[in-house]
Amino acid sequence: MSIELTHVSFPVRGMTCAACVNHVERALTATPGVTEASVNFATKTASVDFNSTIATPEMLTHAVKEAGYEIPVQSHTVKIGGMSCASCVSHVEKALRTIPEVLSADVNLATHTARVSTWPDTVAHAALKQAITNAGYTIIPDSETARSSKTTSAPSEGEKAPLLFQKAILSGIAGVLVMMGSMNLLPGFSAFTLQTRHIVLFFITSLVLFWAGRPIYVAAWNAARHQSVNMNTLIAVGTLAAFSYSALATFSPSFFLASGIPAEVYYDSAIIIIALILFGRYLETGAKNQTSSAIHTLMGLRPKTARIRRGAEEQDIEIEMVQAGDMIVVRPGERIPVDGDITEGQSSVNEAMLTGESLPVEKEVGAKVFTGTMNISGSFLFQASAIEKETVLARIVHLVQEAQGSKPPIQRVADYIASIFVPAVLGIATIAFFLWWGLGPDPSLTYAVLTFVAVLIIACPCALGLATPTAIMVGTGRGAEQGILIRHAEALETVHQVDIIVLDKTGTLTQGIPTVTDMIVPRWNQKELLRLAASLERRSEHPLAQAIVEHATQQSLRLDEPENFENTPGLGVKGNITGQAVVVGNTAFITNLLGNQSLDGFSASMTSLAQRGKTPILVAINGQVEGIIAVADTIRPESKEAIQQLTKAGLEIVMLTGDHHDVAEAIASDLGITNFLAEILPHQKAAEIQKLQKEGNRRVAMVGDGINDAPALAQADVGIALGTGTDVAMETAQITLMSSDIRGIHKAIQLSRATMRTIHQNLFWAFVYNIVLIPLAAGILYPLFQSIGGVPSELQWLFGEYGFLQPIMAAAAMALSSVSVVTNSLRLKNVSFT
């Protein structure tokens with residue numbers, strides 16, 4: 001028997017010579033299931049034939065990476081229509097994974113999206129669409145595609161809600177009327193014969209079922225055509241079983257009467273089941289829409305128009321027409337339409353929607369402004385630098401949407417159970433049917449059918465499918481409102497398990513910018529000494545020199561142009577300022593020029609400043625040291641409170657810095673940090689993180705903001721970047737704090753704990769609901785009630801005369817199960833941070 005092989009081609013990065021080709025080919029050939037592999041150095045591609053029952057695309061990718069090369073990955077996001085439960089998630093994922101070039105496929109029931117990872121340019125959108133269509137589902141165009149397409153797309157979740165409500169109400173009214181007709185309570189209905197009444201009820205039920213329930217039956221039929229089952233299958237089989245039994249009793253009553261069974265009908269059960277399920281879906285749709293309200297709020301912050309200045313004229317244009325480089329006018333009370341840099345004017349801007357901080361930020365010429373933020377006071381002119389999808393707001397929305405569509409590891413278990421759930425329920429219902437047909441009370445066939453219907457209707461894989469993604473959607477949205485951007489749901493699951501928080505010092509715990517902190521000037525006028533030092537340092541580009549110049553500028557001191565300026569890199573500068581010989585530098589520079597005795601009277605102060613983590617800079621005038629200017633990277637005002645919060649939460653704090661041990665110790669002491677790692681070079685940070693992870697197998701979070709923090713952020717179990725840092729750091733980290741306030745770390749941990757607690761509650765409810773109620777619907781209480789002489793009268797509305805759960809009650813319970821899970825997730829919108 002010949003084995004059908006799968007052929008794939010994919011790009012390989014990092015090859016520099018023919019030897020690299022051999023390395024990659026050997027790595028691929030050594031992968032189990034691969035029969036042939038060839039690599040083309042000119043096109044930088046690999047072609048592989050493999051047995052798909054043994055090897056997978058992920059295995060090929062792993063083999064290439066282990067050999068030391070890279071395979072780029074492309075991500076596709078597709079919106080899917082027709083999914084109704086967690087079983088649908090499994091079906092769609094399996095269908096997408098049948099495409100050879102698909103590396104992974106994650107389907108989210110809450111957002112109705114699939115995120116597919118492939119090798120670049122190897123899978124066309126048409127192939128994804130074909131796989132999804134073949135599985136019995138549809139692709140819904142995104143908003144941009146829908147605008148440009150002449151075809152009518154499927155209605156959105158928001159558009160479905162009114163229709164669901166309308167169908168549920170009308171079906172419920174029809175169900176009550178049919179129930180009254182079945183009980184002969186309708187005025188004038190008793191004038192007709194029993195069979196005539198049943199025929200009237202048959203036609204009413206037929207109309208309602210195949211109008212209101214049509215989407216359910218169509219979805220069930222599509223699933224059956226593609227050899228799969230889902231929640232719609234359970235509802236369709238259950239309601240049609242009740243309907244078919246009733247139709248048989250209507251048109252062939254003799255079939256039942258010949259066996260001594262009353263020819264009763266259950267049209268009301270079929271209709272009311274559909275009505276309750278539709279009403280449940282209406283409530284669920286409304287609740288699910290609320291889970292993504294944070295995203296809709298963010299998207300709604302972008303103004304629809306912008307006021308452009310061209311020459312001397314100003315005109316309002318649609319936001320889509322704005323181009324990079326346009327000059328835009330913003331007045332008080334208006335939202336900023338695009339990102340840019342202020343060129344004229346000043347104002348206060350509320351950036352709470354980006355950073356979560358309520359205090360307005362002062363803006364002047366040269367400051368950056370961002371889309372959607374609110375201009376509070378003044379008017380200003382700015383130049384557009386980023387538009388449409390390139391703005392910070394658009395990137396935030398994209399990141400949150402990506403996170404909401406991702407899956408944490410805990411969801412995998414629920415997905416697996418859901419994949420086998422529907423077939424298992426069908427099996428249980430069938431067993432219950434035959435069991436009670438043979439052993440149930442008379443009329444046993446009637447009770448067997450009702451039990452069969454109840455089991456099918458009460459089963460709810462939907463709650464399993466919504467338990468995790470709805471909580472993730474609300475949690476990530478709540479995080480975005482607080483200026484906490486979570487890139488992947490896995491980070492939300494992991495961050496609350498962290499044992500150690502490693503904080504990079506510079507730019508994270510400190511301002512990242514040197515500033516003047518102290519001046520010791522025993523004899524000279526302090527401002528005059530500062531003016532002379534700053535006049536000389538203005539010619540230097542050293543960060544410490546710039547700190548002195550900035551300090552003088554803040555005090556509005558007049559700076560003079562130096563003469564005979566000399567710069568000794570890393571040591572100091574000297575020159576003449578208005579006829580005075582000025583020298584500014586470190587100890588080595590001053591003593592080399594003026595001798596050791598020149599430091600008399602300043603040594604103790606210099607030692608004290610150094611011990612407190614400050615850099616003393618000596619200023620000599622006319623050959624005599626006259627003062628010390630101390631410069632330091634000052635601690636952020638909120639850092640100490642942040643450390644206290646994290647310590648109180650039971651986390652171990654470690655500060656990481658390249659500073660000298662004494663400086664690091666002084667800063668750590670000020671912050672209340674007992675553990676610190678000093679004199680760590682940038683390339684050593686990742687190794688230090690790894691060491692901490694290996695100590696007792698602990699989970700480590702790394703917080704940083706610079707390019708040199710990126711390897712450590714990637715190595716950590718959770719990387720947290722500050723939004724004021726570099727793009728590299730933010731791209732590497734799983735969580736980004738949009739402000740520089742590290743108190744957001746504690747907020748992120750609190751959010752993670754609240755979200756995971758909600759997910760556990762949802763999964764517990766979903767599992768317990770099915771574990772408890774399916775046996776109840778299957779008639780497990782029948783022997784118990786028989787042993788006590790029958791069902792108590794106060795419970796007969798629920799269990800009937802013999803202890804079998806009423807199908808209508810089963811439908812009500814099933815409808816409420818999904819709603820309860822989504823509603824519980826919505827509580828995360830109100831999570832408080834302390």
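Q: How many residues lie between β21 and β22 in their hairpin?
A: A word of caution comes before the reply: the model is predicted. Strands of a sheet pair through backbone hydrogen bonds, either parallel or antiparallel. In this structure, β21 and β22 form a hairpin with two residues between them. Within the turn, Thr578 has a positive phi of about 45 degrees.

Q: In which sense do strands β21 and β22 run, and how many bridges join them?
A: They run antiparallel, and six bridges join β21, residues 572-577, to β22, residues 580-585.

Q: With which strand does β22 pair over four bridges?
A: That strand is β23, residues 615-621, and the pairing is again in the antiparallel sense. Here Gly585 has Leu618 of β23 as its bridge partner.

Q: What is the order of the strands in the open sheet of six strands?
A: The order is β9-β8-β10-β16-β11-β14, with antiparallel pairing. At the edges stand β9 (313-318) and β14 (368-369), each of which pairs on one side only. Thr305 stands opposite Glu318 in β9.

Q: Why is α20 described as largely enclosed by the rest of the structure?
A: The reason is burial, which requires a relative accessible area under 20%. Nine of the twelve residues of α20 are buried, so the helix is largely enclosed by the rest of the structure. Among them are Leu529, Leu530, Arg531 and Glu537.

Q: Which residues touch the most other members of the largest nonpolar core?
A: They are Leu96, Ile501, Ile735 and Ile745, in a core of 154 residues. Helix α29, residues 743-777, gives the most to this core, with 14 residues. Another core lies apart from it and has 22 residues, among them Leu532, Ala552, Leu557 and Val584.

Q: Is Met655 buried or exposed?
A: Met655 is buried, because its relative accessible area is 0%. The residue is placed in strand β25, residues 652-656. Not counting residues up to four places away in sequence, Met655 touches several residues, including Leu503, Leu509, Ile667 and Phe676.

Q: Where is Ser246, and is it buried or exposed?
A: Ser246 lies in helix α9, residues 231-251. Ser246 counts as buried because its relative accessibility is 0%. Leaving aside neighbours within four places in sequence, Ser246 is in contact with Val265, Tyr266 and Tyr267.

Q: Which residues form one aromatic cluster together with Tyr267?
A: The cluster consists of Phe202, Phe203, Phe210, Tyr217, Phe243, Phe251 and Tyr267.

Q: How many aromatic pairs does the structure hold?
A: A pair of aromatic rings is described by the distance of the centres and the angle of the planes. The structure holds 24 aromatic pairs. The rings of Phe433 and Phe452 have centres 6.1 Å apart and planes at 70 degrees, so this pair is edge-to-face. The pair links distant parts of the chain, with Phe433 in helix α15 (residues 409-439) and Phe452 in helix α16 (residues 444-458), 19 residues apart. Phe433 counts as buried at 16% relative accessibility, and Phe452 counts as buried at 15%.

Q: Why is the pair of Trp436 and Phe804 called edge-to-face?
A: The ring centres are 5.2 Å apart and the planes stand at 80 degrees, so the pair is edge-to-face. Trp436 belongs to helix α15, while Phe804 is in the loop between α31 (796-799) and α32 (807-826), 368 residues apart. Trp436 is buried, with a relative accessible area of 7%, and Phe804 is buried, with a relative accessible area of 5%.

Definitions and conventions:
Residues numbered from 1 in each chain as written. Predicted model: local features only at pLDDT ≥ 70, side-chain atom pairs only at ≥ 80, totals over all residues. Heavy atoms only, no water. Pairing = 2+ DSSP bridges. Buried < 20%, exposed > 50% of the residue type's maximum accessible area, 1.4 Å probe, protein only. Contact = heavy atoms within 4.5 Å. Core = buried A, V, L, I, M, F, W, Y, C linked by side-chain atoms within 4.5 Å. Phe/Tyr/Trp six-rings, centres within 6.5 Å; stacked < 30°, edge-to-face > 60°.
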